Amino acid sequence: MKTVVYPGSFDPVTVGHMDLIRRAAGLFDHLVVGVLVNSEKKTPLFSLEERVIMLKDACKNIPNVSIESFNGLLIDFVRAKGADTIIRGLRELMDFEMELQIAQVNRVASGGIETIFLPTDPRYTNVSSSVVREYARYKVALPDFVPENVLKVMIEKGIVESKKQED
């Protein structure tokens, strides 16, 4: 059975993330979505536990996907899950340059863990957690950018208003 890991902070999970999860789940026997605390992001929108809960809800109808949190090195998490492959999404050329460097370091440091890059569906090129968080700072919802369950939590917690901003 081929197990792969799709890591990220998923703060919050977006429709772009969900597209990659569905596509990777269709390619492999088991996909572990690894939710991590990203030390680069100083003000997370959601706690680690909230992100795991939202991802589990969003992925509940994808039977070969499991959601787990982790801290520490990604390569250690990948090994602990019995995997030897990491899945990463690419939206633009800048993503490739950054992700390639990380993939090469991970491969050397791990003694062979591979990284597979999946290009983003063109519909989701401009969708990112960073954009969702930035708009949320101003209480503006981006319902086309996040799964329904995530939008519902954002509204319930008062993070965003329930209407799209009018132009």
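The side chains of Lys 152 and Glu 156 are joined in a salt bridge with an N to O distance of 3.9 Å, a salt bridge being a side-chain nitrogen of Lys or Arg within 4 Å of a carboxyl oxygen of Asp or Glu. The structure is a predicted model, in which local features need pLDDT of at least 70 and side-chain atom pairs count only at pLDDT 80 or more, whereas totals for chains, interfaces and linings use all residues. Residues are numbered from 1 along each chain as its sequence is written, and side-chain values use heavy atoms, with hydrogens and water left out.

Both Lys 152 and Glu 156 belong to helix α6, where they stand four residues apart, about one turn of the helix. Helices (H or I, at least four residues) and strands (E, at least two) are DSSP runs that are numbered from the N terminus. An α-helix has 3.6 residues a turn, so residues three or four places apart point the same way. Lys 152 is exposed, with a relative accessible area of 52%, and Glu 156 also counts as exposed, at 58% relative accessibility; here buried means under 20% relative accessible area, exposed over 50%, and partly exposed in between, with a 1.4 Å probe and protein chains only.

Other residues of α6 are buried, namely Asn 149, Val 150, Leu 151 and Met 154, and the buried residues of this helix pack against α2 and α5 (129-136). The axes of helix α2 (residues 48-58) and helix α6 (residues 148-156) come within 9 Å and cross at roughly 140°, where axes are lines fitted to C-alpha atoms, for helices over the stretch in contact, and angles run from 0 to 180 degrees between N-to-C directions. On the α2 side the contact is made by Met 54, Asp 57 and Ala 58, and on the α6 side by Asn 149, Val 150 and Val 153, contact meaning heavy atoms within 4.5 Å. Sorted by class, this contact of α2 with α6 has four nonpolar, one polar and one charged residues, with Ala, Val, Leu, Ile, Met, Phe, Trp, Tyr, Cys and Pro counted as nonpolar, Asp, Glu, Lys and Arg as charged, and the others, Gly among them, as polar. After α6 comes Gly 158, whose phi is positive, near 75°.

A search of the whole structure finds twelve salt bridges. One of them joins the side chains of Arg 79 and Asp 76, at 3.3 Å from N to O. Because Arg 79 and Asp 76 are three residues apart in helix α3 (residues 74-80), about one helical turn separates them. Arg 79 is partly exposed, with a relative accessible area of 41%, and Asp 76 likewise counts as partly exposed, at 40%. A further salt bridge links Asp 95 with Arg 91, the closest N and O atoms being 3.5 Å apart; in this pair Asp 95 counts as buried, at 12% relative accessibility, while Arg 91 is partly exposed, at 33%.

Rings of Phe, Tyr and Trp (its six-membered ring) pair if their centres lie within 6.5 Å, and planes under 30 degrees apart count as stacked, over 60 as edge-to-face and the rest as tilted. Phe 70 and Phe 77 form a stacked pair, with 4.2 Å centre to centre and 10° between the planes, and both Phe 70 and Phe 77 are buried. Phe 96 and Phe 117, by contrast, form an edge-to-face pair, with 5.8 Å centre to centre and 70° between the planes. Phe 96 lies in helix α4 (residues 93-110) and Phe 117 in strand β5 (residues 114-119), so the pair ties together parts that are 21 residues apart in sequence. Phe 96 counts as partly exposed, at 34% relative accessibility, as does Phe 117, at 24%.

In the chain as a whole there are six helices and five strands, and from the N terminus on the elements run β-α-β-α-β-α-β-α-β-α-α. Of the 167 residues, 48% count as buried, and among contacts between residues at least 6 apart in sequence, 72% join residues at least 24 apart. Along its principal axes the C-alpha trace spans about 50 × 30 × 30 Å.
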